[in-house]
Amino acid sequence: MSIFDLTIAQASAKLAAKEISAVELTTAYNDAVAALNPRLNAYITTTPELALEQAQAADARIAAGDATALTGIPIAVKDLFCTEGVRTTAASKILEPFIPPYESTVSAKLKAAGAVTLGKANLDEFAMGSSNITSGYGPVENPWKRAADQDAKLVPGGSSGGSAAAVAARIALAATGTDTGGSIRQPAAFTGLAGIKPTYGRCSRFGIVAFASSLDQAGPMARNTEDCALLLNAMAGFDEKDSTSAQREVPDFTKALNRGVKGLRIGIPAEYRLEGTNPEILALWDKGIEWLKTQGAEIVEISLPHTKYGLAVYYIVAPAEASSNLARYDGVRFGKRVDGVDLIDMYERTRAAGFGPEVKRRIMIGTYVLSHGYYDAYYLKAQKVRNLILRDFTTAFETVDAILTPTAPSAAFGLGEKMDDPVTMYLNDVFTVPASLAGVPAMSVPAGLNAEGLPLGLQVIGKHFDEETVFAVSAAIENAAGFSALPELRAK
Amino acid sequence: MAYMLEGRTGAWEVVVGLEIHAQVISESKLFSGASATYGGAPNAHVSFVDAGFPGMLPVINKECVAQAVRTGLGLKAKINLFSRFDRKNYFYADLPNGYQISQFEHPIVGTGIVEIELQDGTLKQIGITRLHLEQDAGKSMHDQHASKSVIDLNRAGVALMEIVSEPDIRSPEEAGAYLRKIRQIVRYLGTCDGNMEEGSMRADVNVSVRKPGEEFRTRCEIKNVNSVRFVMHAVEAEAMRQIEVWESGGEVVQETRLYDPSKGETRSMRSKEDAHDYRYFPEPDLLPLVLEQSFVDDLAAKLPELPDEKRRRFCDDYGIPFYDAGVLVADQATADFYESVAKGRDGKLTANWMSGDFFAAMNRTGKSIENPPVSAADFGALLDLITDKTINGRIAKDVFEEMVETGKAPGAIVEEKGLRQVTDTGAIDAAVTKVLADNQDKVAEYKSGKDKLFGFFVGQVMKAMQGKGNPALVNEAVKKQLG
């Protein structure tokens with residue numbers, strides 16, 4: 001068994017037993033990063049020296065008997081989390097020279113728990129995308145290949161594509177992601193990982209470069225549900241620096257993993273059986289239903305009638321907030337500046353050079369939907385429909401404990417595919433967006449491979465702040481699926 | 001008499017509404033922990049939140065909320081237990097986030113009423129439309145460098161209250177009185193220092209004109225006027241300009257204008273077509289602001305007495321005229337000083353002395369009520385010496401001047417200089433006898449009917465007694481001896 005086969009829980013046990021040291025583990029990962037990242041481009045910035053220092057500190061902590069489950073665990077941090085003294089780009093050229101003098105709350109908590117940070121993971125620019133191709137630092141290659149075509153490069157999904165590829169290729173043991181409309185769940189599904197978007201407000205957004213403030217939420221991406229639970233234990237919690245973070249106790253999520261699903265009522269929303277959905281995905285969904293039924297869950301047909309408006313609402317609300325959140329990148333105080341003849345000229349040149357086409361498109365959409373004369377027809381209406389979508393979920397959760405759906409409408413697609421028009425790309429988020437709009441927790445677990453040998457995921461959606469049930473149901477699927485496939489392209 | 005401007009086509013009425021931006025007194029800024037104090041080296045009071053760094057989030061400062069509620073209570077306004085922050089989006093170099101966090105649809109304070117007093121003593125009520133909380137922007141300076149502008153973000157993020165009036169104001173005088181009244185109220189409340197020179201209070205002035213009885217016509221907004229005097233001038237200048245436009249067959253267009261005090265005129269800044277589209281939408285980084293009624297009640301219970309109430313109480317408690325009470329309550333410190341002296345003394349006597357010799361001495365010596373020319377205790381002691389007839393009013397003026405000059409207590413001065421009032425009738429009679437004997441010609445004139453000379457004799461007697469004679473006794477003795 002290779003050191004790279006260890007999950008967090010296993011590595012942590014070996015660290016505690018002094019069978020391996022954090023320095024050994026980190027050195028192995030640093031070397032793997034150096035070997036594979038040039039090809040995968042999963043990291044924008046790597047920090048091997050910092051990782052080694054952290055590993056030494058972790059070993060000292062372990063020796064002193066002061067370790068947590070994450071002490072000495074090498075992870076990737078999505079480059080949307082500000083990290084003190086380490087360049088943070090949000091995958092945008094406009095932040096190319098930006099080194100934050102502060103640390104995001106979530107990454108600070110992980111560091112405080114003793115996690116080792118290998119580097120900053122690639123993503124879609126400002127987390128806007130579903131394929132990681134909008135990154136200003138180049139696309140990320142999915143380590144998974146179609147069985148019949150090992151040469152074709154596939155996307156890892158997005159926006160947390162670098163995090164997904166890094167964990168799947170085992171050049172990180174786990175990673176942080178952020179999810180605005182599916183940015184943790186869809187790439188997790190595309191790369192055979194588990195990933196959870198917690199309830200909005202569960203993790204602090206402080207220090208995370210904002211995309212759409214009312215939707216953004218940090219979460220873990222890892223090999224399995226247990227590792228996700230260990231990470232989320234450390235990441236979650238109220239933060240007085242984020243007014244939208246929730247003042248709630250954080251349970252030990254690992255305790256929910258073995259609860260089982262006996263007696264749980266699992267909702268199957270009729271509206272997610274979209275016409276034209278890949279039959280393999282539908283078949284996997286049916287399999288998931290069977291697994292849960294077999295383990296004693298009651299399957300309930302439910303309706304989430306406003307699901308069909310989810311994407312439309314999302315692509316109004318998210319760009320609206322983004323257009324405002326990204327106004328600060330003006331070249332005045334930090335980041336890139338392109339001088340101009342006057343202030344307006346400097347703004348225009350800076351933003352023209354600094355933002356990529358997808359970001360510009362969303363800023364324009366967002367500006368448009370908030371404009372005088374259009375606000376009521378777009379933004380206000382979208383907010384109303386968002387409330388209806390939330391009501392769909394709260395109504396459903398009066399009768400069910402969790403909801404099971406596919407994570408994405410397809411498996412990972414090829415780099416360069418779905419590029420004809422943005423709407424095709426936006427359709428990737430069709431199953432993930434409703435939970436984001438409602439703020440409820442949702443997790444993707446790997447559940448099988450398609451005919452091409454690519455991983456597929458199922459999504460478990462839970463009630464507000466009931467990540468425990470989400471973990472319980474996800475773990476049940478994980479056990480039943482027995483997903484053990486690995487990409488050939490990985491650290492061994 | 002209503003204020004009207006006479007044009008070629010007759011009389012015009014002026015219609016004015018004010019938006020006052022009042023900087024909240026607080027330790028730290030509205031959404032960050034940075035210091036909100038005025039001054040400091042440029043960019044010394046700036047947090048990453050204020051500078052709009054990536055990933056930074058606003059956190060509401062409870063004290064600023066309390067200050068807004070106090071102000072709302074002082075304006076006799078409705079406190080909205082539910083309010084919400086919105087983003088007002090526009091690009092400018094001194095607006096770090098590219099948006100200002102403000103309250104658009106749901107302000108923290110709703111409608112209220114303020115009473116103003118005009119020169120002729122008329123009282124008038126001006127409606128308050130709303131008060132909302134918002135952040136200030138930073139400061140751009142364009143004259144510090146040949147080709148660059150420089151930015152100071154010390155003020156960026158400081159809490160402002162925008163107090164919006166109804167278009168109830170009808171003259172420059174009313175505009176000035178309203179602005180002064182708001183300033184007086186916020187100063188009493190301690191919610192804004194009202195210092196217009198430092199920019200902690202400034203006004204946007206909305207002006208239109210109309211023929212009496214008409215509906216409102218198009219208004220123009222004059223931005224950022226920073227003194228009471230300028231507001232009054234700006235109203236008049238803008239009203240005159242609009243009358244000229246209408247009367248020459250033109251049409252006033254809605255626009256934003258600037259007042260130029262050096263030329264005494266307003267100038268167009270940007271027209272309606274160029275107006276910003278602020279793209280307001282609810283601030284997603286903040287939850288709606290929900291107040292408990294008990295929080296409001298608690299602030300209401302601890303609210304200081306406001307100038308209107310204090311003025312009425314001064315009239316009742318101290319028996320002084322409404323006008324005098326108005327002067328004394330002009331600011332809290334003066335009112336407190338007055339009250340500390342008047343309490344247990346003759347309120348009228350205190351008021352007269354304060355409006356007379358005391359204020360005169362204060363102005364002459366360049367002192368202030370916080371650093372008065374004589375202390376409240378000494379001032380009271382002086383009034384006591386008058387009341388118990390130790391000294392007379394004439395001597396008291398001299399003693400007061402001596403107090404101002406030397407800082408000595410009045411009792412000490414009286415003793416030192418032997419200024420006690422003479423009430424010994426024997427001594428007074430002797431003085432009168434001598435004066436009459438020395439001025440026999442005048443006595444003869446008096447007796448032949450020149451009554452006015454009575455005052456002359458009294459004056460001569462007082463002079464002979466170095467002013468120390470009891471005036472009533474001296475009068476009596478003169479009258480008696482003149483027969």
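**Helices and chain contact in a predicted model**

User: In this predicted model, what span should the 14 residues of helix α12 (residues 425-438) of chain B have at 1.5 Å a residue, and how far apart are its end C-alpha atoms?

Analyst: At 1.5 Å a residue, the 14 residues of α12(B) should span 20 Å. The distance between the end C-alpha atoms agrees with that: 20 Å.

User: Which residues of α12(B) are buried, and where do they lie around the axis?

Analyst: The buried residues are B:I428, B:A431, B:V432 and B:V435. Because they cover an arc of only 100° around the axis, they lie on the same side of α12(B).

User: Which exposed residues does the face of α12(B) turned away from its buried side carry, and what does the cover of the buried residues include?

Analyst: The face turned away from the buried side of α12(B) carries the exposed residues B:G426 and B:A437. Over the buried residues of α12(B), the cover includes two helices of chain B, α14 (453-464) and α15 (471-482).

User: Which residues of helix α5 (residues 307-318) of chain B are buried, and why do they count as being on the same side?

Analyst: In α5(B), twelve residues reach 15 Å from first C-alpha to last, close to the 16 Å expected. The buried ones are B:P307, B:K310, B:R311, B:F314 and B:Y318. They are on the same side of α5(B) because their arc around the axis is only 100°.

User: What covers the buried residues of α5(B), and which exposed residues are on the face turned away?

Analyst: The cover includes α2 (172-189), α6 (322-328), α7 (332-342) and α8 (347-365) of chain B. On the face of α5(B) turned away from its buried side, the exposed residues are B:E309 and B:D316.

User: Which residue just after α5(B) takes a positive phi?

Analyst: The phi in question is about 60°. The residue that takes it, just after α5(B), is B:G319.

User: Are α7 (residues 225-235) and α15 (residues 467-481) of chain A roughly parallel or antiparallel?

Analyst: The axes of these two helices of chain A come within 10 Å and cross at roughly 160°. That angle makes α7(A), relative to α15(A), roughly antiparallel.

User: Which residues make the contact of α7(A) with α15(A), and how do they divide into nonpolar, polar and charged?

Analyst: From α7(A) come A:T225, A:A229 and A:L232, and from α15(A) come A:E467, A:F471, A:S474, A:A475 and A:E478. By type, the residues of this contact are four nonpolar, two polar and two charged.

User: How many residues of chain B are in contact with chain A, and how do they divide by type?

Analyst: Chain B has 24 residues in contact with 33 residues of chain A. The side of chain B that touches chain A divides into 15 nonpolar, five polar and four charged.

How values were computed
Residues numbered from 1 in each chain as written. Chains lettered and ligands numbered in written order. Predicted model: local features only at pLDDT ≥ 70, side-chain atom pairs only at ≥ 80, totals over all residues. Helix = DSSP H or I, 4+ residues; strand = E, 2+ residues; numbered from the N terminus. Expected span 1.5 Å × (residues − 1). Buried ≥ 20, exposed ≤ 12 C-beta atoms within 10 Å, placed from the backbone. Arc of directions from axis to C-beta. Contact = placed C-beta atoms within 7 Å. Axes fitted to C-alpha atoms, helices over the stretch in contact; angles between N-to-C directions. Parallel < 35°, antiparallel > 145°, perpendicular 65-115°, else oblique. Nonpolar A, V, L, I, M, F, W, Y, C, P; charged D, E, K, R; others polar.
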